[in-house]
Amino acid sequence: MARNRGQTKKTPHLDMNPMVDMAFLLVTFFLLATTFKLPEQAKIELPYSFSEVDIPETNLLTITVDRDGLIYLSLSNHESRGPWFNRMASLYNLEISSAEEESFIQLPGFGMPLEELKPYLLLERPEQLMQVRAGIPADTANNELADWLVTARSVQPGLRFAIKADQLTPYRHLDRVIKTMTANRILRFNLVTEKRREDEGI
Amino acid sequence: MKEFDQFEEFSNPIREGRKQRKTSRQNVFTDMNAMVDLAFLLLTFFMLTTTMTKPNVIELVMPVPEDHERPEDVQAVRESRALTIIPFPDDELYIFRGLAVETVQRISYQPDEFRAELRDFISSTEEPMVIIKPHPESNYRNLVDIIDEMNISGVKRYAIDDLRAGDKAILAEAGIELLGLKDEVDE
């Protein structure tokens, strides 16, 4: 190969095959290991814990509470999103088109009052990301969150709930969410955290 | 390439005649530099974007909320068995046992202090019960830290509850500034 007798002028060739094999093997590995993060509605910095329980991937309704106390929802099961939205709409006497339903199913998560959700669904994706964040109302006067939770549980049997909040979210915002849940007999839920390594203190 | 040629010769001994022509042929090398560049570029990209750590969860079971129509369901905790933990804003932490004002103390989240206090409480109490009553302005990280500590220390019974008038009175009596809690009307 590199030793070509007689032809001294020839440039030596390096056998790159093993290296290329290796590189592509690693590319394939990382390609498969990567779960692409969908653009999140809220920037959340999770708190740390030593818990060993992994986050469930299916049948999970994530309630995100950001630093300003705005509430967002996201349901893991695509097939349940349609019936969920339909039931919620009929509860609020809202007419929804099939285009709106399709758009809702594609939505990774949402965080706005139901009234604002309808026009939002017909926007293009870049426009959706530009929208001002409103959060799902969860006040005692207008608690849409409670209805979302109850309807989600009725369309998706075995649904689990997870609260995902920022490290610095004041407790009073979480209190509203937890009160809403317990009032609807959702007593068992998960708090999403990042795994803490052993060498870090509490 | 050389190995490949040898293999071909070995497997086709009949084609011995072609050998002569073959030596004159130059071995073809593909320039793989571009491919390697691309492969490593992709490799770097995926290595940097991949987050290996998957989030995990703390499982929490809340007590049934108080029902005013069925007061017999309300679980009373004997004060002698209760430890109240109150996370305050700015990462402050107050604890007291039962309803005793003299046991109110400020501790830090450091494991050597907090965990030791918790262990002391568990070992000295029969059926220990910890009640976490976060200040409305305390942050979520404080709550998660405390719950995590419960799991580490093996406290089986703990609950999250509201900071009530009684607790505020105890804190006030111990000379702790309530930071905006005083004026609130408790239901």
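Which residues are buried in helix H6 (residues 165–173) of chain B? In this predicted model, they are B:Asp167, B:Ile170 and B:Leu171. They lie on the same side of H6(B), because they cover an arc of only 95° around the axis. An α-helix has 3.6 residues a turn, so residues three or four places apart point the same way. The other side of H6(B) holds B:Gly166 and B:Glu173, which are exposed. What do the buried residues of H6(B) pack against? Their partners are strand E2 (82–88) and strand E3 (92–97) of chain B. After H6(B) comes B:Gly175, with a positive phi near 80°.

Next, the sheet. In chain B, five strands form an open sheet with mixed pairing, in the order E4-E3-E2-E5-E6. Strand E4 (105–107) and strand E6 (158–160) of chain B stand at the edges. Each has a single partner strand, so one side of each is left without a neighbour in the sheet. From one strand to the next, the twist averages 25°. E3(B) and E4(B) pair in the antiparallel sense, over three bridges. Here B:Leu93 stands opposite B:Ile107 in E4(B). Strands of a sheet pair through backbone hydrogen bonds, either parallel or antiparallel.

H5(B) lies across E2, strand E5 (129–132) and E6 of chain B. H5(B) runs at about 150° to E2(B).

Now the contact between the chains. Chain B gives 44 residues to it and chain A gives 47 residues. On the side of chain B that touches chain A, helix H3 (33–49), strand E1 (56–61) and helix H5 (140–153) of chain B each supply at least two residues. That side has 27 nonpolar, nine polar and eight charged residues.

Strand E6 (residues 188–195) of chain A pairs with E1(B) in the antiparallel sense, over six bridges. Within E1(B), B:Val61 stands opposite A:Arg188.

How far does the predictor trust this? The model scores ipTM 0.78 and pTM 0.76. Chain B averages a pLDDT of 78, and 74% of the residues score at least 70. In chain B, confidence is highest in H5(B), at 91. Confidence is lowest in helix H1 (residues 2–11) of chain B, at a mean of 48. The pLDDT is below 50 over residues 1–11 of chain B. Beyond near neighbours in sequence, this stretch has five contacts in the model.

Conventions: Residues are numbered from 1 along each chain as its sequence is written. Chains are lettered from A and ligands numbered from 1 in the order in which they are written. This is a predicted model: local features need pLDDT of at least 70, side-chain atom pairs count only at pLDDT 80 or more; totals for chains, interfaces and linings use all residues. Two residues are in contact if their C-beta atoms, placed from the backbone, lie within 7 Å. Helices (H or I, at least four residues) and strands (E, at least two) are DSSP runs, numbered from the N terminus. Ala, Val, Leu, Ile, Met, Phe, Trp, Tyr, Cys and Pro count as nonpolar, Asp, Glu, Lys and Arg as charged, and the others, Gly among them, as polar. Two strands pair if DSSP finds at least two bridges between them. A residue is buried if 20 or more other C-beta atoms lie within 10 Å of its own, exposed if 12 or fewer, and partly exposed in between; C-beta atoms are placed from the backbone. The arc is that of the directions from the helix axis to the C-beta atoms. pLDDT is the predictor's confidence in each residue, from 0 to 100. Axes are lines fitted to C-alpha atoms, for helices over the stretch in contact, and angles run from 0 to 180 degrees between N-to-C directions.
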